[in-house]
Every structure is written in C-alpha cells, then in structure tokens.
Amino acid sequence: MNDSVHTQALPRPSGRGLVRKLGWLVLVTAVGIGVHLSLQEIIQSGDAEKRQGPDLHKLEQLEAVDPARAAKVRAGMLKYESICRLCHHRSGIGGKFTPPIAGKTEEGMQTLLKLYRSGVQMGPLTNLMAPWAAELSDEDISNLAAYVATL
Ligand code: HEC
C-alpha cells in the first residue's frame, strides 16, 4: 500500500521538477533580456551630441586651402579628442564643472595652457586641469590652440 502510493506519487514531483527548471530558464532568460535592454537604454539615453566626433568637415575644407595649417589643426584635434574632450566637451562648450574654451583666441589658449603647465594657481579647480597641462609640450600647446580656435 505504502509502496503503490509511492510509485504513483513519483511522476508528479519529477514533472514539477521539470516545470521548476523551465521556470528558472524563463526567469534567467527574462532577466538577461531585461539587463540587455536596460543597458541599451542607458547607452542610448546619453546626450547624442556628446557621442559625436569632431567636425571633420571643417578640417577637410582647411586641408583643401592650407594643408600645412590643417596638419597642425589635425594634430591638435587628436590630442584634444584623446584628453581635453573628456572635460571640455567635444565642441569646447565646457561641462557642469569645467569652463568653456571654444571661442578663445589661439594666443589666449597658449597663454592659459602655459600658465596651467607652470603650476600656478588659476581658478578653484586648477588641481583638475594642471596635471593635463603638465604633460603638454610646446608643440602640443600650439597644435591644441590651433584646433581650439577652429571650434
Ligand atoms: C579632468 C578634467 C579636465 C581635462 C581632462 C582638461 N581640463 Fe581644462 N580645465 C578643467 C577645469 C576644471 C578647468 C578650470 C580650472 C580652474 O578652476 O582653474 C579647466 C580650465 C581650462 C582652461 C582655462 C579656461 C579659462 O577660461 O580660464 C583651458 C584653456 C583648458 N582647461 C584647456 C584644456 C585643454 C587644452 C585640455 C587638454 C589637454 C584640458 N583642458 C583638459 C578640466 C579639465
């Protein structure tokens, strides 16, 4: 009696076990899809402007009329894109805590960068800016100034 109840009862737990396994599979898949979608959302929700590259069109125009000058601007652009853009925005408009630099004259940029490089205290956030300027050679500064003047 006890045995027959046991054998009859056997298929049920294993059936439930399968349902439970499928349940896990569905849950894991759902969580996976959920994570994927929310990551996509986070990646895409950012400011589209910020993800754009530099305005290469301007550079191409310059290349056509003044290749030597364009080479200098391009070198400055590569440096700007690899370091400065992080804080001053791709178009030089600055960020929440960083000043705009677009619109500065070439000489003005050179003077400012050399001042930061010298280690002198400028504004309240000099400590954020100075280490980057310290890495720049005279040539970097002159290329960067040429590029920023085109922004
Ligand atoms: C980590 C963020 C950061 C990076 C990277 C950075 N800067 Fe800055 N920059 C700042 C901050 C913050 C200030 C304001 C500092 C102060 O208060 O003196 C500043 C100030 C400046 C100024 C002076 C602006 C003004 O109106 O006085 C110039 C010019 C400048 N940065 C150019 C650059 C260039 C060129 C690069 C790339 C080589 C660069 N910065 C990289 C954060 C940054």
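Predicted model: local features only at pLDDT ≥ 70, side-chain atom pairs only at ≥ 80, totals over all residues.
Numbering starts from 1 along each chain as its sequence is written.

Fold first. The chain has 8 helices and 0 strands. Elements here are DSSP runs, H or I of at least four residues for helices and E of at least two for strands, numbered from the N terminus. Of the 151 residues, 15% are buried. Buried takes 20 or more other C-beta atoms within 10 Å of the residue's own; 12 or fewer is exposed, in between is partly exposed, and C-beta atoms are placed from the backbone. Contacts use C-beta atoms placed from the backbone, within 7 Å. Among contacts with a separation of 6 or more, 56% link residues 24 or more positions apart.

Now the core. A nonpolar core is a set of buried Ala, Val, Leu, Ile, Met, Phe, Trp, Tyr and Cys residues joined through C-beta atoms within 7 Å. The largest one has 18 residues, and Leu-113, Leu-144, Ala-145, Tyr-147 and Val-148 touch the most other members. Helices H5 (67-88), H6 (106-118), H7 (126-134) and H8 (138-148) each supply at least two residues. Which helix gives the most to this core? H8, with 6 residues. Take Ala-145: leaving out residues up to four places away in sequence, Ala-145 touches Glu-106, Met-109 and Gln-110.

Next, a helix pair. H4 (residues 56-65) packs on H5 at about 150°, axes 6 Å apart. Axes are lines fitted to C-alpha atoms, for helices over the stretch in contact; angles run from 0 to 180 degrees between N-to-C directions. So H4 is roughly antiparallel to H5. The cut-offs: under 35 degrees is roughly parallel, over 145 roughly antiparallel, 65 to 115 roughly perpendicular, the rest oblique. From H4, Leu-59, Leu-62 and Glu-63 meet Pro-67, Arg-69, Ala-70, Val-73, Arg-74 and Met-77 of H5. That contact has 6 nonpolar, no polar and 3 charged residues.

Last, the ligand. It is surrounded by 21 residues, the closest being Cys-84, Cys-87, Gly-123, Leu-125 and Met-129. Near means a C-beta atom, placed from the backbone, within 6 Å. H5 gives the most to this shell, with 5 residues. By class, the shell holds 17 nonpolar, 4 polar and no charged residues. Nonpolar covers Ala, Val, Leu, Ile, Met, Phe, Trp, Tyr, Cys and Pro; charged covers Asp, Glu, Lys and Arg; the others, Gly among them, are polar.

How values were computed
Contact = placed C-beta atoms within 7 Å.
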